[in-house]
Each structure stands twice: as structure tokens, then as C-alpha cells.
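Me: I have a model open here and want to go through its fold with you. Can we start with the sheet?

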Amino acid sequence: MSESRSLRELPAVNEVLERLSPTLARFPRGILVAEIRRALDELRAEIVAGRAAGCGVEERVTRALQALETPSLRHVINATGVVLHTNLGRAPLGALAVLPGYSNLEYDLARGRRGKRDVHLSGLLERLIGAPGIAVNNNAAAIFLALNELAAGGEAVVSRGELIEIGDGFRIPDIMARSGATLREVGTTNRTQIADYAAAINERTRLLLRVHPSNFRITGFTARVELRELVALGRERGVPVYEDLGSGCVVDLRPFGIDEPLVPDSLKSGAALVSFSGDKLLGGPQAGILAGQAETVARLRGNPLFRALRLDKVMYQALENTLRNLLLERWECVPALAMLRQSADQIRVRAERLAARMPGVRAEIVPGNSVIGGGATPEQTIPTWLIAVEYADVVQAERRLREGDPPIVARIEDGRLMLDLRTVLPDEEAAVERALA
């Protein structure tokens, strides 16, 4: 069949519309017409290119419209053992019923007048970490706001060993440049002494910046100035110290094999300001939290950029919920911390029970390691037990799980499909069982 004849045989838009309207009446007519035209354009392009049409125009339109009404953001079961999986949204959120309708986001119900959205977090933050604080939309925004307010037009002194990239190409030097602060590097990549900071302070110095290397480690011949030592120098010279902690650990996780600096400890050491993420070891939604001396936090809140970077009402509700559960030690309501607090023995029991419910699946329970992920605590792993499943075609099996409903993300090791129940919520086990069996 010639190309011209194939093109002539394509139906008109009205013909397809008439046939599809009864079955796709739930869609607005304008969208239906637009998708018909899109499908016809695709078919014309395939005919001109000499490619065989995979399916007809009506099937293409139906599939496209079904895809449009299916949410793109979906619940995913994480069986990788990476607790703060960046590609899966970092910290998993606990149950949260989003408030419908209006809310008292910026309304003081007791006084009957306009209020501030900060009040929903401030009391919880101060009780949890011992200092007032505010929240913006992520930790990169928190760093930007802090540098813009405290060091714009002047210099911020930072060790060369702390000029990190915090994810997706965002680098501390770039953020500093955009903030209006001038970067003053001191020391070397592997060794920085207090004398290096002291020698760099001049009449233009506005801030001593300390960045916790949460997503990398330098080992060997190294030296790093302790925070208390840096604070003492800052007080002597009249320069505040700001520490970016990144992962935002507010609960001591050392009993569970995770050694990460605590936000309250930095504040007790005298830092004027600390910043950290909400969706890492805090276990909440994406946010950047700034906390510290009351006058410093007040300056940040008064900066016009704070309004541009602030959280919306849904994130305020999610973050408030997380902070309250942390304060009241309701660990089971903060999934990331509940996962990290599980012992290897507890996970082994869960894995053995699940495997026993699938007698037709060739599975073995083997030792392994979970990781925290999300750019936090590199080189630290947590012992776990894995369900190792054998398949004739393990690549196809991994793909089928990933494309299932709900999607299940696992990993392949040594030719087997590995599932770590540390990152699988208990009420998700039934779905994993159905998918594997």
C-alpha cells in the first residue's frame, strides 16, 4: 500500500469523535478532540517514516485519556533497604489527612485577627531542639536565606573541606555567590586549623560557616575544627557562627548503630544558627529548618526572601504532625525513624514469616545491610536480613514488580531479586506477598 493511500485512509477527527463519544463521555469534548488530533498526527508521522502503526487511532486516544486521569504521583513500596531513598521522596510520610476547606494558617482564632503561620511550628521546635526556629521550602533555601541575611555584602569564612555539593548539582559556593555573600576559603581539602579561620577574619567578615559533610567522608591525614572552638573564636572577634547540619538528626540514634550529630548539641555548643532538612533524619516532608538565637531567627523572618521561600499550608500540616510525633516519642508515627529503630532480628522474623506464606516462591533469607541514604551518614550501614528470590529471568521479574500496582522497587544482587523489609511498612507486606506469589 502506498504512503499517499495510507494517509488518505486515516479517518477524520469528527468520525473518531462520533465513535468514541459514547464510551468516553466523562471527558470534556475539547480534551477528547485534542487527543484525537494528537493520535492522528502520530499515525501520519509513522506512515511517512515507513513504520508500522502499533495500534489504531481509537486505541491510542483511549489509552491517552486513561493515562490523563491516572495520578502520576503514586504510592510505591520501597523494598530496597534504602531508608531515605531520594528518588522515592526521601523520608516516607506517616498517615496524614490533609485538612479540607479553609484552615487557620494565618488567623489567630483566640484574638480574632490575622496571625502568623510560624506559630504552628515554633512551640514544637523550641521544645524539641531548645531554640526558636522557622521553616522554608528546603535546606538549600535555608542556606540561601541565612547567607543573604547574615553575610550579603560581606564575607563568609568556610573551610575548603566543606565546600560540598548538596545534591542535584547544587553546590555551596554557587549558593553563596547567589546570596550576595563573598566566599572566603580557608585551610585545605583535608586539613583546616583554627588559626586558618583566625587569619581570614577581617573588617568584611560577617559569618563563620561550618558545613557538616553529611554526604561524604574524608579519611586519613585530616583535621577539622571543633564547633566549640570555632564559636569561641567567633565570640572573641564578634562574628556569629552558622552550622549547616544537613540531615537534621534530633533523636539520638547511636543505640541503633547510627552516629550522626544532633541539632540540640550544635545549639548548646553556641552556634548562633543551625539549618537542616525536614525530609532526612527528621523524618518529615521536604523543608529547610533554621533555628538558633532568637534575634538571629527574627532577622531571617524579617528578610523579604522568607516570604518567597516559605512553606504552604499542606507542608506546614505535615511538618507540624512530624514534630509533634517526635516530641511525644511516637516513633511508630514517624516511619523513617521506626524503620531505623528496627533490629536485624525483628526484620529476620518478618522476612521468615513472609517467606513461609509463599511456599511456591524459591526464596531464601540471607544477611545483608540497609543504608540510610538521602545524602546522610555515608559509610554507615545497618545489619538486616534480605529475602533473596530466584527467577528464571530476574531482570524481567524486577521490571514486573516495578510496573505493578502498587509498584514495588527492589534490587538485583548475585542474580537474585533482593527485598529488604526494613523499608517495607507492615501493612504493605500483603501486597508484596501477592506480587511475588
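Me: In which sense do strand 4 and strand 12 pair, and over how many bridges?

Reply: This is a predicted model, to begin with. In it, strand 4 pairs with strand 12 in the antiparallel sense, over four bridges.

Me: What sheet do they belong to, and in what order do the strands run?

Reply: An open sheet of seven strands, in the order 4-12-11-10-9-5-8, with mixed pairing.

Me: Which strands stand at the edges?

Reply: Strand 4 (133-136) and strand 8 (182-186). Each has a single partner strand, so one side of each is left without a neighbour in the sheet. From one strand to the next the twist averages 25°.

Me: Strand 4 again. Which way do its residues point, and are they buried or exposed?

Reply: Gly-133 and Ala-135 point one way, Ile-134 and Val-136 the other way, and all are buried.

Me: Moving on to the cores. How many residues has the largest nonpolar one?

Reply: It has 54 residues, and those with the most contacts inside it are Ile-129, Leu-319, Leu-326 and Leu-340. Helix 5 (residues 119-129) gives the largest share of this core, five residues.

Me: What does Leu-326 touch?

Reply: Leaving out residues up to four places away in sequence, Leu-326 touches Leu-128, Val-250, Val-251, Leu-282, Trp-331, Val-334 and Leu-337.

Me: What does the second core include?

Reply: The second core is separate and has 28 residues, with Ala-142, Ala-156, Ile-172 and Leu-290 among them. As a general point, nonpolar side chains tend to be buried together in soluble globular proteins.

Me: Now helix 2. Which of its residues are buried?

Reply: Val-16, Leu-17 and Leu-20 are the buried residues of helix 2, which covers residues 13-20. They cover an arc of only 100° around the axis, which puts them on the same side of helix 2.

Me: What do they pack against, then?

Reply: Against helix 3 (29-48) and helix 4 (57-68). The face turned away from that buried side carries Asn-14 and Glu-18, both exposed.

Me: What about phi at Glu-329 and Asp-414?

Reply: Neither residue is a glycine, yet phi is positive at both: about 55° for Glu-329 and about 50° for Asp-414.

Me: Where are they, and are they buried or exposed?

Reply: Glu-329 is in the loop between helix 13 (313-327) and helix 14 (335-340), and is exposed with a relative accessible area of 53%. Asp-414 is in the loop between strand 16 (411-413) and strand 17 (416-420). Asp-414 is exposed too, with a relative accessible area of 73%.

Notes. Residues are numbered from 1 along each chain as its sequence is written. This is a predicted model: local features need pLDDT of at least 70, side-chain atom pairs count only at pLDDT 80 or more; totals for chains, interfaces and linings use all residues. Side-chain values use heavy atoms; hydrogens and water are left out. Helices (H or I, at least four residues) and strands (E, at least two) are DSSP runs, numbered from the N terminus. Buried means under 20% relative accessible area, exposed over 50%, partly exposed in between (1.4 Å probe, protein chains only). Two strands pair if DSSP finds at least two bridges between them. Axes are lines fitted to C-alpha atoms, for helices over the stretch in contact, and angles run from 0 to 180 degrees between N-to-C directions. The arc is that of the directions from the helix axis to the C-beta atoms. Contact means heavy atoms within 4.5 Å. A nonpolar core is a set of buried Ala, Val, Leu, Ile, Met, Phe, Trp, Tyr and Cys residues joined through side-chain atoms within 4.5 Å.
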